[in-house]
Protein chains: 2
Amino acid sequence: MTDLEKHNRMANAIRFLSMDAVEKAKSGHPGLPMGAADIATVLFTKFLKFDPNVPNWADRDRFVLSAGHGSMLLYSLLHLLGYEDFTIEELKRFRQLGSRTCGHPEYGHGAGIETTTGPLGQGLGNAVGMAIAERLQSVRFGEDLVNHYTYVLAGDGCLMEGISQEALSLAGHLKLNKLVVIWDNNDITIDGKVSLADSTDQVARFKASGWHAIEIDGHDPEAIEAAFTEAKKSDKPTLIAAKTTIGFGAPTKAGTNKAHGSPLGDAEIAETRKGLGWDAEPFDVPSDVLDAWRIAGLRSAQARKDWEKRFEDADSELRLEFERRLRGDLPLTFEQAIQDYKKELAETQPTMATRKASEAVLKVINGVVPETIGGSADLTGSNNTKTEQTAPVTTDDFSGRYIHYGIREHGMAAAMNGMALHGGVIPYSGGFLIFSDYCRPALRLASLMNQRVIHVMTHDSIGLGEDGPTHQPVEHYAALRAIPGMRFFRPADITETLECWQLALEHKSGPSILALTRQNLPTVRKEYEAKNLCAKGAYVLKESDDAAQVTIFASGSEVEIALDASAKLAEKGISSRVVSVPSFELFEEQSKAYKADIIGDSPIKIAVEAGIRQGWDRFIGPDGGFIGMTGFGASAPYKELYEHFGITADAIVGEVEQRLPADAAD
Amino acid sequence: MTDLEKHNRMANAIRFLSMDAVEKAKSGHPGLPMGAADIATVLFTKFLKFDPNVPNWADRDRFVLSAGHGSMLLYSLLHLLGYEDFTIEELKRFRQLGSRTCGHPEYGHGAGIETTTGPLGQGLGNAVGMAIAERLQSVRFGEDLVNHYTYVLAGDGCLMEGISQEALSLAGHLKLNKLVVIWDNNDITIDGKVSLADSTDQVARFKASGWHAIEIDGHDPEAIEAAFTEAKKSDKPTLIAAKTTIGFGAPTKAGTNKAHGSPLGDAEIAETRKGLGWDAEPFDVPSDVLDAWRIAGLRSAQARKDWEKRFEDADSELRLEFERRLRGDLPLTFEQAIQDYKKELAETQPTMATRKASEAVLKVINGVVPETIGGSADLTGSNNTKTEQTAPVTTDDFSGRYIHYGIREHGMAAAMNGMALHGGVIPYSGGFLIFSDYCRPALRLASLMNQRVIHVMTHDSIGLGEDGPTHQPVEHYAALRAIPGMRFFRPADITETLECWQLALEHKSGPSILALTRQNLPTVRKEYEAKNLCAKGAYVLKESDDAAQVTIFASGSEVEIALDASAKLAEKGISSRVVSVPSFELFEEQSKAYKADIIGDSPIKIAVEAGIRQGWDRFIGPDGGFIGMTGFGASAPYKELYEHFGITADAIVGEVEQRLPADAAD
């Protein structure tokens with residue numbers, strides 16, 4: 001058998017496993033795996049560094065299937081290469097409940113899946129983050145321990161999505177030369193030919209953003225091999241534009257959108273078998289082919305062993321630190337630093353915006369947690385995410401700890417997901433809360449993948465003032481609290497900010513958002529308490545001596561207003577308690593008894609938050625009083641806006657008085 | 001005075017009005033107006049076709065300030081040119097409560113503002129839509145009536161945002177040659193030099209997407225004039241890359257990020273006055289300069305009159321139709337067509353997915369409403385948004401009514417906003433509901449601008465099955481209901497789909513989303529009723545004969561399940577009513593009495609929806625029973641998923657039985 005024959009048989013194994021699994025599931029996307037099988041075969045047998053027996057080897061190359069609908073390509077490869085999570089039985093359970101072989105690759109469902117993909121363009125963004133993390137770690141721990149490539153397979157959809165521009169321009173700017181994107185250039189999208197909707201010269205586009213680009217026939221193994229060789233020599237990230245035929249081998253459907261997203265059908269598959277000379281039954285891989293793949297799977301075993309040797313020989317402190325960061329554990333000094341600062345705050349009781357509070361807290365955190373990597377989407381001075389410890393990362397120098405992500409919220413959030421997935425770093429961002437809308441798909445994926453990324457989102461309400469409704473979050477608290485697994489924190493002062501930062505960092509298995517003010521806030525937590533009160537999501541900030549007639553629930557900047565209202569009510573002889581609610585999600589995790597206790601049984605319940613009511617009925621019931629927004633904000637100095645929209649202590653008092661039984665009124 | 005001197009004085013008037021207004025407001029962005037004043041002066045005095053006295057003249061050129069933070073550029077221009085909404089008093093009230101001169105330009109706050117901008121890149125997307133609408137209308141009503149240009153001023157931020165790629169590649173593909181984008185290439189972003197975060201060759205990038213591109217000195221009026229002249233001759237959209245100095249004229253801050261986003265300060269402004277030879281007091285425009293601007297404002301008055309003459313001379317039917325579409329009124333035949341189809345449905349009672357139902361409804365609508373312009377983000381066959389009436393719009397032929405937007409949800413939604421703003425067309429889209437996250441910033445702006453755009457979003461729950469959690473909306477109902485002014489419809493069958501479509505079309509002052517199923521649903525509305533029951537947001541679908549022990553609230557595909565549960569409860573002797581809730585927003589608009597009546601006083605209240613609970617406490621209270629999702633979905637056939645996640649009639653029955661008083665149980 002010639003090399004070419006062998007290659008073809010190996011590639012055809014991917015093709016048939018893919019079309020057979022889709023056929024069995026009666027659902028899925030055979031076209032991409034069939035079209036990209038040649039590229040994948042060359043990449044995985046000749047270039048990609050990995051070891052199926054130690055799939056999480058830290059220095060492995062990463063492969064990201066950005067075109068996640070082609071999941072059977074990845075599952076076929078992982079099976080053929082000997083990843084134990086992907087047995088032939090799993091492939092037969094493609095798209096079935098509880099299988100590892102979900103419709104789209106899902107991180108955590110099996111070793112070998114580096115990230116969850118499917119929403120187009122996200123994988124590309126993740127890969128940029130992985131390549132950034134590689135470079136960061138390489139500078140910190142040396143090329144002996146960290147020196148790997150990130151490969152991405154992207155389709156036309158990935159490249160049409162706007163996030164692709166953010167990702168590729170950031171990668172080009174940072175000269176991420178160990179990033180290689182293969183564009184599966186098959187001319188087909190779901191609706192038909194790409195030319196229905198796009199005429200972009202992708203090669204020129206990537207070059208315009210500082211990429212090296214190579215055009216090849218994606219079915220010519222020699223050309224593919226030459227391209228990867230060339231890419232690895234480039235001092236820029238590389239695009240390999242590989243011309244392919246979607247559904248390669250299917251006699252009537254290849255090259256058309258009919259091969260894209262549904263089973264080919266028995267007849268077409270039978271003809272494909274004939275045409276490609278494949279006698280094996282569905283899910284049966286001829287032993288010569290399976291052997292060839294399994295041997296390919298062992299290709300980097302020695303490199304992995306060599307790496308382990310180097311790691312063993314490394315400085316023991318370096319080794320421990322490397323392992324700690326990879327595990328995601330915080331340094332032992334972290335807790336003490338938090339407590340020390342908390343004590344200081346109880347003494348100084350500063351008045352400041354929570355965005356400034358966050359900066360002060362970050363100064364403490366960044367001093368003891370060297371793996372944090374900060375950044376901002378071009379709002380550094382507004383988000384206050386840069387501290388004295390975080391020099392900028394530049395094209396030539398990755399020793400820094402701060403990334404100027406540019407005006408690219410979506411690319412930033414997707415890259416951060418990739419950094420977290422890569423491991424060894426804790427990425428945190430800066431942006432305006434309003435622009436959470438720009439990066440929402442990536443926020444959702446962070447949550448779905450249980451990744452610790454932390455988003456600092458400032459200017460969190462009408463309190464930002466003059467910039468007006470285009471910049472004032474109103475619905476965003478509700479919208480972000482809605483994402484399953486997302487922790488959305490809205491701290492009320494610097495102590496709560498500190499506690500929320502602590503919770504975000506200690507939450508290894510999910511993302512957090514800190515919504516912070518532009519405007520100044522007083523310290524509402526006057527006493528030092530070692531316990532993290534925000535950890536329960538909601539807690540009684542001001543207790544009432546007797547059975548309270550009123551409970552006021554509030555978050556963030558409105559806690560001050562709630563306390564003012566409580567004082568005013570006291571003057572009128574009305575007893576009230578104030579509950580601070582920094583996190584709905586953590587509150588829901590508490591015991592039934594705790595929750596009942598916090599909600600309490602005051603006859604009057606009021607919630608105050610400078611956003612919409614949605615979600616607050618949980619605390620106050622549908623008949624409770626809500627002081628907040630019912631529509632968009634406005635452009636004016638912020639104090640006027642609070643008056644204008646009636647989010648004031650007096651408004652709370654008025655609402656309470658309306659609700660008092662007639663005989664209790666003044 | 002030479003032409004150049006005159007130009008400079010006119011441009012300086014913009015500069016000083018802008019810096020003085022920002023100074024007075026103690027807030028705002030002087031840098032862009034100062035840097036772009038020369039470009040704007042040439043554009044508005046020599047090219048832009050408009051008439052301040054008839055600011056909404058249908059055939060005016062559109063100017064979009066995509067870099068909306070530079071709002072004072074626009075306000076200064078509108079004042080100088082004689083737009084009556086923008087008096088000098090309004091300029092003095094920049095960024096104050098109730099003024100027309102908001103921090104960012106807000107559509108509806110004064111004639112002359114074509115769109116709300118500020119969230120970067122959106123204006124660019126809107127402009128693409130405006131240029132599309134111009135071309136569509138031009139084909140329909142002739143170049144005599146519709147023949148205008150769309151000009152955009154965009155900054156680095158606009159071009160870094162991913163949406164810019166979606167917008168420009170769509171524009172390039174469609175060869176929108178009457179679209180001209182001026183890039184205010186000032187090398188500065190908020191954090192500092194652009195080179196901190198970006199190295200893109202923007203000219204090459206635009207060319208890669210089929211644009212013509214011209215590079216000029218943005219302070220050379222002759223070069224600017226030549227560029228616009230050249231742009232107007234191009235058969236492609238044109239990028240004018242204009243090298244400018246941010247804060248032009250400010251002695252120490254020009255060319256730096258210090259000129260970007262805060263007042264320059266008295267001293268700097270005084271020095272700028274000296275340097276530019278400007279003696280006038282703040283807000284005082286020398287009469288020679290004001291005269292020159294006012295004369296420029298009259299430049300197209302004759303063209304406008306000529307147009308009115310042509311319009312008067314046009315065929316009367318054409319004229320009436322042109323005016324009707326511009327007003328946004330639906331054809332008189334619309335209501336009857338809806339009723340006829342509704343009657344037919346009551347007879348045939350089809351079982352079908354609501355996405356298919358929507359297609360059937362659209363066939364009726366598109367038959368009587370010729371101004372609908374459909375489309376899809378490359379999911380035509382899945383969204384079912386294309387009907388026999390809607391031939392595709394292609395590069396060469398805009399007589400069609402269907403746009404293949406490509407895999408560009410964000411660009412699509414922003415373009416649709418621009419189409420609606422342009423007027424004369426009713427754009428509707430197609431996409432997966434999950435990808436509402438990709439276009440959320442544009443959805444929000446549609447709502448803020450009160451624009452009638454209609455988004456068909458299919459595959460609206462775990463009911464899509466095998467594609468898994470990356471594609472299954474869970475939090476999206478809550479997140480979309482949260483946007484103020486957005487109407488989020490989730491119809492339960494084809495009759496509700498028809499009613500929701502009717503409501504969406506009749507809602508001239510805001511956007512609507514129709515969330516539709518992939519899976520089949522039975523007809524639940526068996527009787528013909530002329531009245532649109534969905535118009536009240538929620539209504540009793542199944543009344544109980546006696547005082548109901550249970551009320552079940554449901555939306556969309558879960559209404560069927562609620563009805564099944566109700567029948568099962570009846571078998572157990574438990575009386576229940578079922579409330580269908582197609583729209584939370586419309587429900588909230590009803591009278592207190594109606595709402596109380598719908599919610600009712602059943603001791604047991606259950607809500608069922610294949611999403612998260614958030615929002616439903618409004619109906620069932622915090623102690624009510626909720627049958628739905630608590631986290632992300634999974635990849636499996638959909639019927640198994642409904643069982644797996646316990647969204648079944650039996651689960652509802654179980655929940656009810658748990659809540660029955662002990663003596664009422666079997």
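Contact here means heavy atoms within 4.5 Å. Helices (H or I, at least four residues) and strands (E, at least two) are DSSP runs, numbered from the N terminus. The model is predicted: local features need pLDDT of at least 70, side-chain atom pairs count only at pLDDT 80 or more, and totals for chains, interfaces and linings use all residues. Residues are numbered from 1 along each chain as its sequence is written, chains are lettered from A in the order in which they are written, and side-chain values use heavy atoms, with hydrogens and water left out.

**Exercise 1.** Describe how α1(A) and α2(A) cross and which residues meet.

Step 1. Helix α1 (residues 3–25) and helix α2 (residues 31–47) of chain A have axes that come within 8 Å and cross at roughly 130°. Axes are lines fitted to C-alpha atoms, for helices over the stretch in contact, and angles run from 0 to 180 degrees between N-to-C directions.

Step 2. That angle makes α1(A) oblique to α2(A). Angles under 35 degrees count as roughly parallel, over 145 as roughly antiparallel, 65 to 115 as roughly perpendicular and the rest as oblique.

Step 3. The crossing of α1(A) and α2(A) is right-handed, meaning that the near helix is turned clockwise from the far one by less than a right angle.

Step 4. Residues of α1(A), including A:His7, A:Met10 and A:Ile14, meet residues of α2(A), among them A:Pro33, A:Met34 and A:Val42. By class, nine are nonpolar, five polar and two charged. Ala, Val, Leu, Ile, Met, Phe, Trp, Tyr, Cys and Pro count as nonpolar, Asp, Glu, Lys and Arg as charged, and the others, Gly among them, as polar.

**Exercise 2.** Classify the angle between α12(A) and α13(A), and sort their contact residues.

Step 1. The axes of α12 (residues 301–313) and α13 (residues 316–327) of chain A cross at roughly 120° and come within 8 Å. α12(A) is therefore oblique to α13(A).

Step 2. From α12(A), A:Trp307, A:Phe311 and A:Glu312 meet A:Arg319, A:Phe322 and A:Glu323 of α13(A). Three of these residues are nonpolar, none polar and three charged.

**Exercise 3.** State how chain B is related to chain A.

Step 1. A rotation of 180° with 0.0 Å of shift along its axis superposes chain B on chain A, with RMSD 0.0 Å; copies are superposed by least squares on the C-alpha atoms of residues with pLDDT of at least 70 in both. That is the relation of a two-fold axis.

Step 2. The copies meet through the same surface, because 99% of the interface residues of chain B are also interface residues in chain A.
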